[in-house]
Amino acid sequence: SYEAATRGVEIENTGSEPVAPGGVTLEVAGQPAGRQALGLLVPGQSETVEFLHRFSTPGPQVVTARLERADELPDDNRADFVIAPRKNLRGLLVDGRPTGSFLTRAAGHTALALAPAGELLRGASAGDKFLMDPEVIPASRLDEQKLTDAEVVVLADVPRLPTPLAHTLVERLANGTGLIVIAGPAAEPTFYNSWSGVDGPVLPLEIGPEAVNDDGISPSPATFQHESLALFRDESKSDLGKSAIRRWRTTSERAGRGATGAAFSNGDPFLAGRLYGRGRCLVVCCALDGRSGQLPGRTSFVP
């Protein structure tokens, strides 16, 4: 099944008398799909209602929100728009450490966390069984066509990108492609800190040299503000906070360029993000493989 939330539907009383519309109904492809009750609206008041609908097929579909109240302007009482639920999300994982077995590479554990399919270990696609469809390629095989086809790009400990590909990727980011930078040991600060485009610096913070601590630090669930980590705040249900991280990137803030979404137990950022044009960039401040510490061994990391 394919799930998508409609964008908010705003209902406004533009008249001079209070009205009680009763409710708003949702139709998908002309068929009833839900109803939300709506209370009294005084003149000038507006309310936004939102529906969550589980689609049975992917692809563009006409969705109609209709106000139940009949009045002299019936065309104002409906809104039509198109929603295109995806079958799955195409993710391109660019591996900066592509040698050795699959699980010792920079992108191996991340790919399996997105789609725990044996096909990935053989270099094949995960297929239609999962919400994510990750493709893992070595950084040396990255080209403009790969970037054009991807909806999310993960740079897994990639040292740097050639200038033409860096320009292409930042243009794709500004137009809505997602970008995740996993800043592992090989990531070169001089490249990432100077990488910029139409909306300024790409990364939400500057990455610095690696810090090393044999005893390790750990992600701090109390700091998990980013929505991607919301499920892991409850330490009775998640073991991410029990991970010992022995190597991570030091960072410095870029004022107004983003926000920290999670931190380590010593206060250093673990995850940071920023909006970039129509896209979003996230930075993970340690490798997501065995070199950083115990993250890949947590049950919360790999399904």
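Which residues form one aromatic cluster? F191, Y192 and W195 do.

The model is predicted: local features need pLDDT of at least 70, side-chain atom pairs count only at pLDDT 80 or more, and totals for chains, interfaces and linings use all residues. Residues are numbered from 1 along each chain as its sequence is written, and side-chain values use heavy atoms, with hydrogens and water left out.

**View 1. Y192 and the largest nonpolar core.** A nonpolar core is a set of buried Ala, Val, Leu, Ile, Met, Phe, Trp, Tyr and Cys residues joined through side-chain atoms within 4.5 Å. Buried means under 20% relative accessible area, exposed means over 50%, and partly exposed lies in between (1.4 Å probe, protein chains only). The largest core holds 64 residues. Those with the most contacts inside it are L155, L161, L179, Y192, W195, V202 and F270. Helix α4 gives the most to this core, with six residues. Helices (H or I, at least four residues) and strands (E, at least two) are DSSP runs, numbered from the N terminus. Apart from this core lies another, of 16 residues, with L41, V63, A65 and I83 among them. Now look at Y192. Leaving aside neighbours within four places in sequence, Y192 is in contact (heavy atoms within 4.5 Å) with L155, V158, P159, V181, A187, L203 and I207.

View 2. Rings of Phe, Tyr and Trp (its six-membered ring) pair if their centres lie within 6.5 Å. Planes under 30 degrees apart count as stacked, over 60 as edge-to-face, and the rest as tilted. The count is five aromatic pairs. In one of them, W248 and F264 are tilted, at 6.2 Å centre to centre and 55 degrees between the planes. W248 lies in strand β16 (residues 245-253) and F264 in the loop between β17 (259-263) and β18, so the pair ties together parts that are 16 residues apart in sequence. Both W248 and F264 are buried. F264 also pairs with F270: the ring centres are 5.1 Å apart and the planes stand at 50 degrees, so this pair is tilted. How buried are these two? F264 has a relative accessible area of 2%, and F270 has 7% relative accessibility.

View 3. Two strands pair if DSSP finds at least two bridges between them. Strand β19 covers residues 279-284. Five of its six residues are buried, so β19 is largely enclosed by the rest of the structure. Five bridges join β12 to β19, and these strands run parallel. Here V181 stands opposite V283 in β19. Six bridges join strand β18 (residues 269-276) to β19, and these run antiparallel. L275 stands opposite R280 in β19. The hairpin of β18 and β19 has two residues between the strands, and G277 takes a positive phi near 60 degrees. In a regular strand the side chains alternate between the two faces of the sheet.

**View 4. T110 in helix α1.** Helix α1 spans residues 108-114 and includes T110. Is T110 buried or exposed? T110 is buried, with a relative accessible area of 9%. Not counting residues up to four places away in sequence, T110 touches L93, I182, L288 and F301.

**View 5. Salt bridges across the chain.** A salt bridge is a side-chain nitrogen of Lys or Arg within 4 Å of a carboxyl oxygen of Asp or Glu. By this rule there are 11 salt bridges. One of them joins the side chains of E27 and R66, at 3.2 Å from N to O. E27 sits in strand β3 (residues 22-28) and R66 in strand β7 (residues 61-67), 39 residues apart. E27 is buried at 19% relative accessibility, whereas R66 is partly exposed at 28%. E151 and R90 form another salt bridge, at 4.0 Å from N to O. E151 lies in the loop between α3 (144-149) and β11 (152-156) and R90 in strand β9 (residues 89-95), so the pair ties together parts that are 61 residues apart in sequence. R90 is partly exposed, at 42%.

View 6. In the salt bridge of E188 with R160, the closest N and O atoms are 2.7 Å apart. E188 lies in the loop between β12 (178-182) and α5 (189-194), and R160 in the loop between β11 and α4 (163-174), so the pair ties together parts 28 residues apart in sequence. E188 is partly exposed, with a relative accessible area of 28%. R160 is partly exposed too, with 42%. Elsewhere, salt bridges that share partners join D157, D289 and R291 into one network.
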